[in-house]
Amino acid sequence: MKAVLLLEDGTVFHGRGFGAESYRCGEVVFNTSMTGYQEILTDPSYNEQIITMTYPLIGNYGTNSEDFESIRSYASGFIVKEACDYPSSWRNEASLDEWLKSQGIVGLEGIDTRKLVRHIRDSGAMRGIISHGETDAGSLKEKLSEYPGLVGRNIVNSISAKEPYHWNEGTHDIYKTGRKLPEIEYKVAAYDFGIKRNILRLLRSHGFSVTVVPADMPAEEVMKMNPDGVFLSNGPGDPAAVNCGIENVRKMLGRVPMFGICLGQQILALALGAKSFKLKFGHRGANHPVKNLETGKIEITTQNHGFCIDLDSIGDKVEATHINLNDNTLAGIKCREYPAFTVQYHPEASPGPHDSRYLFEDFKKMIRQFKQ
Ligand SMILES: NC(=O)CC[C@H](N)C(=O)O
């Protein structure tokens, strides 16, 4: 059946529909990963975003019930050049098309994805509507005009855990070797702003006992749990709109070691008085180079963000520890006065390289030092 993508500037892409027969509005973004589509689709940071994959063939190893980064997909749509109908993998349980249907996500294939990506790169990120079934431009335009976009809106609280819960799984053991989890060394409370499961798996696999807490849990309640460290998660939307998260982090500065990823970095920096801004078209993929300014080493990283912290707005409260080599934006910071550090990229990968996993060890070292 026909499907269409209509952008807010009036550009239209006609193609074939797959996945759910429906329509949804969102911000149109692109991801340069060659694989890992199921993890990307279930990363809650893509809430209200229509994801375009730059790699031309997607779906070739199917989907399964293990590679979920959260309970379900929060994406608004999925666009590929060609969706593979005959997946081949011993782990495959459902084709991409079947899986998208089960998740209620609209797919669009057979469009010139290079043209779309170049358009977004030139003109900047924009709102769009993806529709599988109805393709009448007039009615889609009207629906899109009602969509407010991401800026200034908190879209974290609606997808965060409602109650605290305990997490006790380590990283994937896909060959079922019965690998043992390490002994618990420290207890962390992990704020769920839209947390990816591989962060939880890696925390547990590094010897942390993990309690996930709702995005709006007051700082005092978290401190009462007496954690050895607090983790600030990734998450969707405009960081400047996550007011209670920013407020809570401000209250915990200096009282407990903190480590944050992506939205977690933005929230920490905002709590310190910095300013965030929207990138022209964001960074999304599993092949983005970052320089560690402390060691001089280059890490190939997974990224997924549309906002960034303005380095000049932080003053001397923090030190820049990492820099993005594609556009020299801020990729990591460390507080000078408090035990807290964050990165703008994704050391948990899933999908992506493992170059930056040392940051989970660094979190442990920071806690150890704080206790001495
Ligand atoms: N992955 C994330 O945590 C994304 C953070 C934020 N929503 C951004 O787009 O910049």
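## A walk around the barrel and the ligand

Start with the barrel: seven strands close up in the order 1-2-8-6-4-3-9, with mixed pairing. Look along it and you'll find that the twist averages 35 degrees from one strand to the next. Keep in mind that you're looking at a predicted model.

Next, select residues 77–80 and 106–109. These are strand 6 and strand 8, which run parallel and are joined by three bridges. Show isoleucine 79 and you'll see leucine 108 of strand 8 standing opposite.

Now for the ligand. Select Ser45, Asn234, Gly235, Pro236, Gly237, Pro239, Cys262, Leu263, Asn304, His305, Gly306 and Phe307 to bring up the residues around it. Which strand gives the most to this shell? That's strand 16 (residues 298–309), with four residues. Color the shell by class and you get five nonpolar residues, seven polar ones and no charged ones.

Last stop: residues 318–324 and 330–335, which are strand 17 and strand 18. They run antiparallel, joined by five bridges, and valine 318 sits opposite cysteine 335 of strand 18. The hairpin they form has five residues between the strands; click on asparagine 328 there, which takes a positive phi near 60 degrees.

Carry on to strand 19 (residues 340–343), which runs antiparallel to strand 18 with three bridges joining the two. Isoleucine 333 has threonine 342 in strand 19 as its bridge partner. This is another hairpin, with four residues between strand 18 and strand 19.

How values were computed:
Residues are numbered from 1 along each chain as its sequence is written. This is a predicted model: local features need pLDDT of at least 70, side-chain atom pairs count only at pLDDT 80 or more; totals for chains, interfaces and linings use all residues. A residue is near a molecule or strand if its C-beta atom, placed from the backbone, lies within 6 Å of it. Ala, Val, Leu, Ile, Met, Phe, Trp, Tyr, Cys and Pro count as nonpolar, Asp, Glu, Lys and Arg as charged, and the others, Gly among them, as polar. Two strands pair if DSSP finds at least two bridges between them. Axes are lines fitted to C-alpha atoms, for helices over the stretch in contact, and angles run from 0 to 180 degrees between N-to-C directions.
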